[in-house]
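This report describes how two chains are related and how some of their parts pack. The sequence and the structure come first.

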2 protein chains.
Amino acid sequence: MHDNYDLEQLMELVQHRQLRRLREILVEMNEVDIAGFLDELEMEQEILVFRLLPKELAAEVFAYLEDTEDQEKLIGALSDKELREVLDELYLDDTVDLIEDMPANLVDRILRNTDASTRSQINQLLNYPKDSAGSIMTTEFVYLHPDSTVEQSFARIRKVGLDKETVYTCYVTKNRVLQGVVTVKRLLLSAYETRIGDIMETNVLSVTTHEDKEDVAQLFSKYDLSALPVVDSDNRLVGIITFDDAMDVMEEEATEDFEKMAAILPSDKPYLKTGVFETWRSRIPWLMLLMLSATFTGIILTSFESALAACVVLTSFIPMLTGTGGNSGSQSSVAVIRALSLGEVEFSDIAAVVWKEIRVAALCGLCLAGANFAKMMLVDRWLMRNPEVTPTVALVVCLTLAATVLCAKIVGCTLPMAAEKIGIDPAVMASPFITTIVDALSLLVYFAIATRILGL
Amino acid sequence: MHDNYDLEQLMELVQHRQLRRLREILVEMNEVDIAGFLDELEMEQEILVFRLLPKELAAEVFAYLEDTEDQEKLIGALSDKELREVLDELYLDDTVDLIEDMPANLVDRILRNTDASTRSQINQLLNYPKDSAGSIMTTEFVYLHPDSTVEQSFARIRKVGLDKETVYTCYVTKNRVLQGVVTVKRLLLSAYETRIGDIMETNVLSVTTHEDKEDVAQLFSKYDLSALPVVDSDNRLVGIITFDDAMDVMEEEATEDFEKMAAILPSDKPYLKTGVFETWRSRIPWLMLLMLSATFTGIILTSFESALAACVVLTSFIPMLTGTGGNSGSQSSVAVIRALSLGEVEFSDIAAVVWKEIRVAALCGLCLAGANFAKMMLVDRWLMRNPEVTPTVALVVCLTLAATVLCAKIVGCTLPMAAEKIGIDPAVMASPFITTIVDALSLLVYFAIATRILGL
């Protein structure tokens, strides 16, 4: 249902230069799909097709082009007049996104082709920190006066609404200070002579320009918002954030969390658009760090070399022990990281979290140790006839297993909470990091128990 | 800014039974915050406070209560009349969500207290599969006739709009078949006598009732939609999905992916609301499975026992090798899983993906092997004076390292793609699963190289 256009047919029309027919089809298509089609074309064809589009549609399509290099070349190919037309139709927040991705000479050209008032708004928006609410807001919104009537307000919406990203939530201001909001639904359901001040909602949720954009996205999902006003420190309305930008932030942040949890440095390009070298650069730092920190496990193993030589069978359970420890730890850490990022848990809950994890660890450890004891006796000793796997050895392994699971779960839940507390992103404390620590811990426990029980 | 209410003050008002003052504060509060406050109260107090709320607000608050057990008890405490009032105000999709979580006797009571038409709509919605578009849609939308004028349409919106979840996108239907959509913005900017059929957008994105809800959420984020019509197989409009429900789906699906990637069975309760036993049940199956599958690594180690005994120093590099392999593999698998779930990559891209991962693996392997060789010579041999770490041993370890990284990255990117192809959720093929496979692979490679080069 959603891919309701035929890419091959469009391609053929381009190849055969049947531009009139192509234009007829394009103007009926969704702007996102047209952008997807342009992304598939060679640069020269892309410019040709882009010029076919009516200017309003062209601006919408332009905002959805995926590849910033394509946007760059396209701007380079447009005349100043064409560029001005596109920029006139672009929403202000999209223009700002564009400018952030362009090289300096194009930024100059873009700014030269916008009018003075837009230029000053752009400069203002560009000044907000990268991850702040200010950086994702738009300054194009409808504001009403509390003393206007519903009828006057409709007239105002009709007059200014066309260029605004949303008209459905109108902001009531007095000397630029936010007084309340009123939805178009409310306006539609009220008598024409009603005063806005009498029907506006005064309990307004708002954020300041410097709020973190991830927290802002959380507010959208918590309160099911479609738009959120952004105010400065004096409660003056400076912009609004719309739900589509909040959804983008949610998706980006989730991707970033996934990457951090897999020891990848975050990148904001799609997988196949990222070059080999760039991918390598985002992956090698953590790999290197984690590899070198495995030196500790090496040192531990070396210092128990004689014990291992005396009872070689112990070696064969090392991967199982470190693996199970790592898995237990990452379960806890990921559960806690996600709970932190959804705001379900805060640092002050640390006692409750640790106590919960200890009980879960006890249950898990008990089950795993029991199952492993049975498996060692039945499979390793009886089925595979390995005489070295004595009940005492099995006891050592299973005690270690239970202790490791406990350590792993405690480490797994406390490290992300501690990271949050000291202002590091908890997502970094996920599987790879936890695994490296738990590897060392489980070996220490293993040899401590083995030397005591087996007297090595 | 957002926690603009004082929990302690509210609690005190409850304790001192200052209910009139409490009500004055509550009616000014956001429904989500009131629900958050009720979640903090004892059941008895919760019922008391809930009854203070005006019925429309009560219904909104009810929909946001987090704990389904609380909702259950609250329904139990309400009289039939009160329940009917709440249900009347509840949006239909929220009622359906509620019914899905309630025990049978309460479902009966809820259905008894809704009118016949609502009941039949509820039954219809309940019949859609759990993860389908039908299960998250609402049947409460505004539809217009293509031959109506803008003026007639405004009159219609004023009449029916109050109970609809959104009035901003109106659906134009003829004999229930979807003809187009028209936004209120468009209506506001058009002359009163204009015919709807002349201004409606006919290129409408829609989904069928059985579409997967995760794909639906992706559409919202791709096309920046605020609402999406749902049609049956004859293109008859049966419901709409609004962006707030799509955002919830996105968030749930991301949480589910995080959980699957950490070898946790998905649960839909917040972290601290999930009991110890329940948490254990969601974690033990994968732990158990992965532990038992580590048997293979044990078997591999046992069969090379004599080689290990001849050159014990090899043992001390096992955790570093399996760890680095596991980390490399999970980087690739998580990158590919995320790309699959965002629709950036499909199964047909498998050659491009594998080729990319091979080149990244070559770069990473080279760097890691080089760094590790230097580290073994400088730290292990020279600094720690371990004579067993000869250049030949270092060569064995570093060759294994490079080969392991290559294997790990290939396994890490192909398994999620294969899972997608055969209809398993790729997220299951993340770190823990990959790690277990890579552990075995890296040991096999290690001993193959060691026996050949060291002649063990």
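What rotation, with what shift along its axis, superposes chain B on chain A? The rotation is 180°, with 0.1 Å of shift along its axis, and the RMSD is 0.2 Å; the superposition is by least squares on the C-alpha atoms of residues with pLDDT of at least 70 in both copies. The two copies are therefore related as by a two-fold rotation axis. The same surface serves both copies, as 100% of the contact residues of chain B recur in chain A.

This is a predicted model, in which local features need pLDDT of at least 70 and side-chain atom pairs count only at pLDDT 80 or more, while totals for chains, interfaces and linings use all residues. Residues are numbered from 1 along each chain as its sequence is written, and chains are lettered from A and ligands numbered from 1 in the order in which they are written.

**Interface.** In chain B, 102 residues are in contact with 102 residues of chain A (C-beta atoms, placed from the backbone, within 7 Å). H20(B) gives the largest share of the chain B side, 14 residues. By class, that side has 57 nonpolar, 28 polar and 17 charged residues. Ala, Val, Leu, Ile, Met, Phe, Trp, Tyr, Cys and Pro count as nonpolar, Asp, Glu, Lys and Arg as charged, and the others, Gly among them, as polar.

**Helix packing.** Helices are DSSP runs (H or I, at least four residues), numbered from the N terminus. Axes are lines fitted to C-alpha atoms over the stretch in contact, and angles run from 0 to 180 degrees between N-to-C directions.

| Helix pair | Angle | Axes |
|---|---|---|
| H20(B) (residues 318-341) and H23(B) (residues 431-454) | about 135° | 8 Å apart |
| H5(A) (residues 55-64) and H7(A) (residues 80-89) | roughly 75° | within 8 Å |

H5(A) and H7(A) are therefore roughly perpendicular to each other, whereas H20(B) and H23(B) are oblique. Angles under 35 degrees count as roughly parallel, over 145 as roughly antiparallel, 65 to 115 as roughly perpendicular and the rest as oblique.

In H20(B), residues including Gly325(B), Gly326(B) and Gly329(B) meet residues of H23(B), among them Val438(B), Ser442(B) and Tyr446(B). This contact has four nonpolar, nine polar and one charged residues.

Lys55(A), Glu56(A), Ala58(A), Ala59(A) and Phe62(A) of H5(A) make the contact with Glu85(A), Val86(A) and Glu89(A) of H7(A). Its residues divide into four nonpolar, no polar and four charged.

Note on methods. Two residues are in contact if their C-beta atoms, placed from the backbone, lie within 7 Å. Helices (H or I, at least four residues) and strands (E, at least two) are DSSP runs, numbered from the N terminus.
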